[in-house]
Amino acid sequence: ACGLKEDVKARCCRTCFGITCNDENENCLAWSQIGECYKNPTYMLRNCCAACSPDYDDPCSPNPSVRPAVAEGDINNIFERALRTYTHYSPVVHSR
């Protein structure tokens with residue numbers, strides 16, 4: 001797969017890339033949607049090239065191989081850190 005070959009992706013036209021960049025596992029799209037492209041790039045870029053590539057038809061589409069600014073669990077981590085750091089304010093957790 002071309003996912004690991006940046007020079008091929010750079011030289012390759014959209015059609016060529018579409019032919020050479022395929023998902024080898026039926027779970028690739030689901031895995032990419034939960035962040036596996038940036039959490040496990042070695043496997044994902046080799047076996048899930050299409051799912052881990054930005055959409056060629058949409059220049060504003062996110063790149064699944066790059067961790068987003070706010071990823072799964074980040075907000076919870078922020079609140080957990082606030083609870084630990086600001087105990088002198090006696091924060092109260094109303095739900096989790």
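Good morning, colleagues. I begin with Y86, a partly exposed residue whose relative accessible area is 42%. The model under discussion is a predicted one. Y89, by contrast, is exposed, at a relative accessible area of 61%. These two tyrosines, Y86 and Y89, form an aromatic pair, with 6.1 Å from centre to centre and 40° between the planes, a geometry classed as tilted.

How many aromatic pairs does the structure hold? There are 2. Besides Y86 and Y89, the rings of W31 and Y43 pair, with centres 6.1 Å apart. Their planes stand at 65°, and the cut-off for edge-to-face is over 60 degrees, so this pair is edge-to-face.

Where do these two residues, W31 and Y43, lie? W31 belongs to helix α3, which covers residues 28–33, and Y43 to helix α5, which covers residues 41–47. The pair therefore ties together parts that are 12 residues apart in sequence. As for accessibility, W31 is partly exposed, with a relative accessible area of 26%. Y43 is likewise partly exposed, its relative accessible area being 33%.

I turn now to charged side chains. A search of the whole structure finds 1 salt bridge. The partners are R67 and D74, and their closest N and O atoms are 2.8 Å apart.

Is D74 buried or exposed? D74 has a relative accessibility of 16%, and the limit for buried is under 20%, so D74 counts as buried.

Thank you for your attention.

Methods:
Residues are numbered from 1 along each chain as its sequence is written. This is a predicted model: local features need pLDDT of at least 70, side-chain atom pairs count only at pLDDT 80 or more; totals for chains, interfaces and linings use all residues. Side-chain values use heavy atoms; hydrogens and water are left out. Rings of Phe, Tyr and Trp (its six-membered ring) pair if their centres lie within 6.5 Å; planes under 30 degrees apart count as stacked, over 60 as edge-to-face and the rest as tilted. Helices (H or I, at least four residues) and strands (E, at least two) are DSSP runs, numbered from the N terminus. Buried means under 20% relative accessible area, exposed over 50%, partly exposed in between (1.4 Å probe, protein chains only). A salt bridge is a side-chain nitrogen of Lys or Arg within 4 Å of a carboxyl oxygen of Asp or Glu.
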